[in-house]
Amino acid sequence: MELGKILTENEACLLNVLSLAYVGDAVQSLYVRHNLVVQRDCKAGELHKLASGQVNAHNQAETAEKLWDVLTEKERSVYLRGRNAKSHHKAKNQTGADYRKATGFEALIGYLYLTGNCKRMTELLGEAYEN
């Protein structure tokens with residue numbers, strides 16, 4: 001799943017970490033939606049409900065904790081930058097801690113996507129969503 005220009009690690013690290021999270025959220029959503037469409041034959045409304053149940057701050061926070069031990073030092077650094085970022089958004093129906101961890105995980109996925117490390121990104125998303 002590669003589109004557009006591949007960034008170097010340095011270029012990606014210079015981006016605002018919330019921009020990385022913005023991309024990571026979209027990539028996660030597409031990954032989950034793709035899997036749902038391939039695995040199920042149901043209406044779009046039902047697919048949306050299923051996807052929303054999987055791509056949310058609480059699940060992303062749990063995933064980040066579960067994957068911590070398999071992350072590289074660089075991946076941990078990107079995750080921590082995202083987790084510690086100051087956001088102007090409030091978590092809807094989630095704890096602040098879950099929201100921050102989710103932002104960290106989204107930033108990591110965005111970073112991997114933008115740097116063209118889609119194999120690693122897919123490994124992590126597979127661990128997160130194919131249980």
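Mentor: Gladly! Let's begin with a working term: contact means heavy atoms within 4.5 Å. Please keep in mind that this is a predicted model.

Trainee: Let me try that term on one residue. Which residues does Glu106 touch, not counting residues up to four places away in sequence?

Mentor: Glu106 touches Leu20, Ala21, Gly24, Asp25, Gln28 and Gln60. Glu106 itself is placed in helix α6.

Trainee: Does Glu106 count as buried or exposed?

Mentor: The cut-off to apply is that buried means under 20% relative accessible area. Glu106 has 12% relative accessibility, so Glu106 counts as buried.

Trainee: Now the helices. What describes two packed helices?

Mentor: Two packed helices are described by the angle between their axes and the distance between the axes. Take α2 and α6 here: their axes are 6 Å apart, and the packing angle is about 85°. Angles of 65 to 115 degrees count as roughly perpendicular, and α2 and α6 are therefore roughly perpendicular to each other.

Trainee: Which residues make that contact between α2 and α6?

Mentor: On the α2 side they are Val17, Leu18, Leu20, Ala21, Val23, Gly24, Asp25, Val27 and Gln28. On the α6 side they are Thr103, Phe105, Glu106, Ala107, Ile109, Gly110, Tyr111, Tyr113 and Leu114. The residues of this contact of α2 with α6 divide into 12 nonpolar, 4 polar and 2 charged.

Trainee: How do the axes of α4 and α6 cross?

Mentor: The axes of α4 and α6 come within 7 Å, with a crossing of roughly 65°. That makes α4 roughly perpendicular to α6. As for handedness, α4 passes α6 in a left-handed crossing. From α4, the contact draws on Ala57, His58, Gln60, Ala61, Thr63, Ala64, Glu65 and Leu67, while α6 brings Asp98, Tyr99, Lys101, Ala102, Phe105 and Glu106. The contact of α4 with α6 has residues that divide into 7 nonpolar, 3 polar and 4 charged.

Trainee: And what about α5 with α6: are they oblique or roughly perpendicular to each other?

Mentor: Start with the numbers: the axes of α5 (residues 73-83) and α6 (residues 96-114) come within 7 Å and cross at roughly 130°. The two helices α5 and α6 are therefore oblique to each other. Here α5 passes α6 in a right-handed crossing. In α5, Lys74, Glu75, Val78, Tyr79, Gly82 and Arg83 meet residues of α6, including Arg100, Gly104, Leu108 and Leu112.

Trainee: For contrast, how should I read Ser19?

Mentor: Ser19 is placed in helix α2. With a relative accessible area of 36%, Ser19 is partly exposed. The C-alpha atoms of Ser19 and Tyr111 are separated by 9.4 Å, though these residues are 92 apart along the chain.

Trainee: Finally, the nonpolar core. Which residues touch the most other members of the largest one?

Mentor: The largest nonpolar core has 32 residues, and Leu20, Val32, Met121, Leu125 and Tyr129 touch the most other members. At least two residues of this core come from each of α2 (17-39), α3 (44-54), α4 (57-67), α5, α6 and α7 (118-129). The largest share, 8 residues, is from α6. As for Tyr129, not counting residues up to four places away in sequence, this residue touches Gln28, Tyr31, Val32, Gln54, Val55 and Gln60.

Notes. Residues are numbered from 1 along each chain as its sequence is written. This is a predicted model: local features need pLDDT of at least 70, side-chain atom pairs count only at pLDDT 80 or more; totals for chains, interfaces and linings use all residues. Side-chain values use heavy atoms; hydrogens and water are left out. Axes are lines fitted to C-alpha atoms, for helices over the stretch in contact, and angles run from 0 to 180 degrees between N-to-C directions. Helices (H or I, at least four residues) and strands (E, at least two) are DSSP runs, numbered from the N terminus. Angles under 35 degrees count as roughly parallel, over 145 as roughly antiparallel, 65 to 115 as roughly perpendicular and the rest as oblique. A crossing is left-handed if the near helix is turned anticlockwise from the far one by less than a right angle, and right-handed if clockwise. A nonpolar core is a set of buried Ala, Val, Leu, Ile, Met, Phe, Trp, Tyr and Cys residues joined through side-chain atoms within 4.5 Å. Buried means under 20% relative accessible area, exposed over 50%, partly exposed in between (1.4 Å probe, protein chains only). Ala, Val, Leu, Ile, Met, Phe, Trp, Tyr, Cys and Pro count as nonpolar, Asp, Glu, Lys and Arg as charged, and the others, Gly among them, as polar.
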